[in-house]
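Me: I am new to this structure and would like to understand the words used to describe it. Could we go through them one at a time, setting each value against its definition?

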Amino acid sequence: MQSYDPTKTGYVHSTYSGGMVDGPGIRYVVFFAGCTLRCKYCHNPDTWQAKRGTRMSVEELVSEIVEYKSYYARSGGGVTISGGEPMEQPGFLAELLKACRENGVHTALDTAGNVAPSTAGRIFPLTDLLMLDIKSCNPDIYLDITGKRIGRTLEALEIARSLNTRTWIRFVLVPGLTDDPKELTEMSNFLRPYENIEKIEVLPFHKEGEYKWESLVIPYTLLNTLPPTPEQVREAQRILSDG
């Protein structure tokens, strides 16, 4: 018996069938539309408004995903659901995750975790891998980056620990904003007790999304910020991984 509702619909910004940096293996990436965070370095501000996306059903998405199933399976990959913020459409997300599981497709959920604890508790057991994007563990820096308070992200992290959800932490290194060694050390110390965290990924800030801010007429404050050097990325990775 089918465990999911194939008619459930939601707003999808886009899909991509060759993701190489979106979890293990080669991934089919579904970008949900809609996000309430306003991160200074967001490279997808075009995903912020949910209704600018395309309304799709679970059935439509799964039919596309299953076409590539054997291809992804050979690489140890699967589907990554990203955004935007996928957890802002929890009903649609839950049905899609259940559909992937029923069809034997590995799932990864890429989220900032800025949702009600009840939503996190409902969704996390449905995914094979949680990729939690933590902008900073410092409440003031987090607020400056996102325009929101850090509480719900930390609650999501705690819920993932209580459920023993397999978790990767993703962290964007932005020179002059998130690269202070002291803050990185404090973040490493904060995350160390979480035994469900398998990996911390440092993602370098890049300039590829700047044109989107201009086209959407949204003020962009990082025009003069350069991407970190490979050495800076390696040092941040060392600190976060080793403390």
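**Terms and values**

Reply: I65 lies in helix α1, residues 58–67, where helices (H or I, at least four residues) and strands (E, at least two) are DSSP runs numbered from the N terminus. This is a predicted model, in which local features need pLDDT of at least 70 and side-chain atom pairs count only at pLDDT 80 or more, while totals for chains, interfaces and linings use all residues. Residues are numbered from 1 along each chain as its sequence is written, and side-chain values use heavy atoms, with hydrogens and water left out.

Me: Why is I65 called buried?

Reply: Buried means under 20% relative accessible area, exposed over 50%, and partly exposed in between, with a 1.4 Å probe and protein chains only. I65 has 1% relative accessibility, and therefore counts as buried.

Me: Which residues is I65 in contact with, leaving aside its neighbours within four places in sequence?

Reply: Contact means heavy atoms within 4.5 Å, and with those neighbours left aside I65 is in contact with Y28, V79, L96, C100 and V105.

Me: What is the handedness of the crossover from β4 to β5?

Reply: The chain passes from β4 through helix α3, residues 90–102, to β5, and this β-α-β crossover is right-handed, a term used if, with the strands pointing away from the viewer, the path from the first strand over the helix to the second runs clockwise.

Me: What makes a group of residues a nonpolar core?

Reply: A nonpolar core is a set of buried Ala, Val, Leu, Ile, Met, Phe, Trp, Tyr and Cys residues joined through side-chain atoms within 4.5 Å. The largest one here has 51 residues, and those with the most contacts inside it are L96, F124 and I169. Helix α3 gives the most to this core, with 7 residues. Apart from it lies another core, of 18 residues, among them Y142, V172, L177 and L222.
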